[in-house]
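Good morning, and thank you for coming. Today I shall walk through one protein chain, from its overall make-up to a few individual residues. Please look at the structure first.

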Amino acid sequence: MSYIPFPDISSDIFSIDLGFFTFVLRWYALAYIVGLIAGWRLVLRALATPRLWSTTAPPANPEQIERLLTWVIIGVILGGRMGYVLFYQPAFFAANPGQILRVWEGGMSFHGGFLGVIFAGMIFCRRENIPMLPMADLMAMVAPIGLFLGRIANFINAELWGRATTMPWGVAFPGEAAQTCPPLINAVCARHPSQLYEAALEGALLFCLLAYVVWRKGWLDHPGKSMGLFIAGYGLARFFVEFFRQPDAQFATDTNPIGYVLRAGLLGITMGQLLTLPMILIGLWFILRARPA
């Protein structure tokens, strides 16, 4: 069986021993930092481009966008962590509440982070008297940047890997991914690099689609339409990749190795797919109802 060996990349970029504690910069943290800064700069560029606002005025000024960045950071971290706690391991964290704050040990949910950003953005827009849908369109336009970088960081960290495969592009991940190899694949456990599939679909492809409709088709003049494309596009991409992604351990059993949370005979749906179905429907609703400003 041909496969791709996992590249020897440390999850830590560098560390500095400061005596009283050690500062460590990890790839996942860098993905958050670069994604937020790149998104902030691109939003500022969109606000300063008059042709994108032919029938409506820009919803905010640069100073407000800088303040919004802080709210987004808080929403991503709190929402992502609480989403993971509530959606994926509620029993464990109910028994170990002290583990909830240990975000540096991993455990973030996109769906939770997405809800966190929505609530943070709504509160901010109310405080600043900013129209919500145009601001949501701007945030949706740049969100795939962070998704792309985050999934690349997931790959480097050898986490959230895919199901076992005999395809030649399968990757031999180290650690638990190799130790939990299905019995039909004995020599080397190659798995789908599902992190890269997600980076390509919900990151690169979705960013290109949003950039096209915003910068070439003038969708910012239809409040809510770009946001709808992002929500539905992410939902479709995640639903598809779930067919190749290894289910979370807490859902997989000997009789349910795929980790279905809803099951009818041979058919089933995973937690990731279940959480994306409302996103697809909501996104399509926003696209269909969008009207020129």
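Let me begin with a definition: helices (H or I, at least four residues) and strands (E, at least two) are DSSP runs, numbered from the N terminus. Counted in this way, the protein chain has 9 helices and 6 strands.

Two remarks on the source are needed. This is a predicted model, in which local features need pLDDT of at least 70 and side-chain atom pairs count only at pLDDT 80 or more, while totals for chains, interfaces and linings use all residues. Residues are numbered from 1 along each chain as its sequence is written, and side-chain values use heavy atoms, with hydrogens and water left out.

I turn to the chain as a whole. A residue is called buried under 20% relative accessible area, exposed over 50% and partly exposed in between, with a 1.4 Å probe and protein chains only. Of the 293 residues, 43% count as buried. The chain exposes about 15500 Å², of which carbon and sulfur atoms supply 68%; these areas come from the Shrake-Rupley method with a 1.4 Å probe, and for residues only the protein chains shown count as cover. A contact means heavy atoms within 4.5 Å. Among contacts between residues at least 6 apart in sequence, 70% join residues at least 24 apart.

Next, the interior. A nonpolar core is a set of buried Ala, Val, Leu, Ile, Met, Phe, Trp, Tyr and Cys residues joined through side-chain atoms within 4.5 Å. Which members of the largest core touch the most other members? Of its 41 residues, they are I65, M135, L138, M141 and F230. The elements that give two or more residues to this core are α1, α2, α4 (110-128), α5, α7, α8 and α9 (271-289), and α5 gives the most, with 9 residues. A second, separate core of 7 residues includes A158, W161, V171 and A177. In general, nonpolar side chains tend to be buried together in soluble globular proteins.

In α5, 18 of the 25 residues are buried, so the helix is mostly covered. A kink of about 30 degrees lies at V142, shortly before the proline P144. Such a bend is the angle between axes fitted to the seven residues ending there and the seven starting there. Just after α5, A158 takes a positive phi of about 55 degrees.

Helix α7 (residues 194-215) has 22 residues and reaches 30 Å, close to the 32 Å expected. This helix bends by about 30 degrees at L206. Its buried residues, among them Y197, L206 and W215, pack against α1 (27-47), α5 (132-156) and α8 (225-241).

Finally, consider P59, in the loop between α1 and α2 (62-87). Is P59 buried or exposed? P59 is buried, with a relative accessible area of 9%. Its contacts, not counting residues up to four places away in sequence, include Q64, I130, M135 and L138. The C-alpha atoms of P59 and L133 are separated by 9.1 Å, although the two residues are 74 apart along the chain. Q64, in helix α2, is also buried, at 10%.

Technical notes: The expected span of a helix is 1.5 Å times one less than its number of residues.
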